[in-house]
Amino acid sequence: MHLSKVFRINNDEALKKVRFREFGSNGELIDDGLEIVQEGFRETRPAAVAGNPPPALQENQRQPVGPPADFEKKVEAAYLQGKEAGREEAIEHFEKTLEMFAQGIEEISRLRRTLLQNSTHDMLRLVLSISRQVIHAEISINREVILTTVSKALSAAVRSDSYRIKVNPEELELVNEKKPLFMASINGLKNIIFEGDPLIERGGCLVESEFGEVDATIEGQLDEIRRTLLGVMEQ
């Protein structure tokens, strides 16, 4: 029975690596003897098993990698850029809104002028129609309206020695009765001739002389009212 003993050396630095030298063609050793290389063994550990990284790698994994040094600057620059772009967009939108608002005001002003121009004649017609109704109502109640009309027409007429006054035939008798009063109201007046004219409405008259005429008819007075109101509205 062969016995063998295994020596265990705890210090791996004491181990030496032994290597045989090369044999010759006849089997002899070249530079006979063993070559002992003065080189200590080092314990070789097995490669890391998959799923169990080396301690250094584990240490790197445990330490989280932070953002780059200029990360905050980039974020701030991006924020400022976005803020400036938003401000410019808001300004552009505001300017467009102001432009549209100004156009709307101008359009409203134009429509207002158009409405006023179109409604002016309607308003005048309404005023004249009401005035006509009031005048006719007054004439139908007060027969002496024609006397006031003749008196004012003579006062507005150019001074003359003689006048021809046309009135409505229904009022001819009344004015002839008051002829002496009209003659006495004007110094130097020699004659007044009253004539009936069916084209002249009751309450109005037409005064004629060699120097011109005074239109005191109802239509003439309403035309004067219309011209006065139109001048006021156009101011």
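This short report looks at the nonpolar core and the salt bridges of one predicted model.

## Ground rules

Because this is a prediction, local features need pLDDT of at least 70 and side-chain atom pairs count only at pLDDT 80 or more, while totals for chains, interfaces and linings use all residues. Residues are numbered from 1 along each chain as its sequence is written, and side-chain values use heavy atoms, leaving out hydrogens and water.

## The greasy middle

In soluble globular proteins, nonpolar side chains tend to be buried together. Here, the largest nonpolar core has 20 residues, and I146, V150, L154, Y163, I165, C205 and V207 have the most contacts inside it. (A nonpolar core is a set of buried Ala, Val, Leu, Ile, Met, Phe, Trp, Tyr and Cys residues joined through side-chain atoms within 4.5 Å; buried means under 20% relative accessible area, exposed over 50%, and partly exposed in between, using a 1.4 Å probe and protein chains only.)

## Charged partners

By the rule used here, there are seven salt bridges, each being a side-chain nitrogen of Lys or Arg within 4 Å of a carboxyl oxygen of Asp or Glu. One of them joins R164 and E195, at 2.0 Å from N to O. R164 sits in strand β3 and E195 in strand β4, so this pair ties together parts 31 residues apart in sequence. (Strands are DSSP runs of E, at least two residues, and helices are runs of H or I, at least four, numbered from the N terminus.)

Is E171 buried or exposed? With a relative accessible area of 5%, E171 is buried, yet its side chain meets R202 in a salt bridge (3.9 Å, N to O). R202 is partly exposed at 30%.
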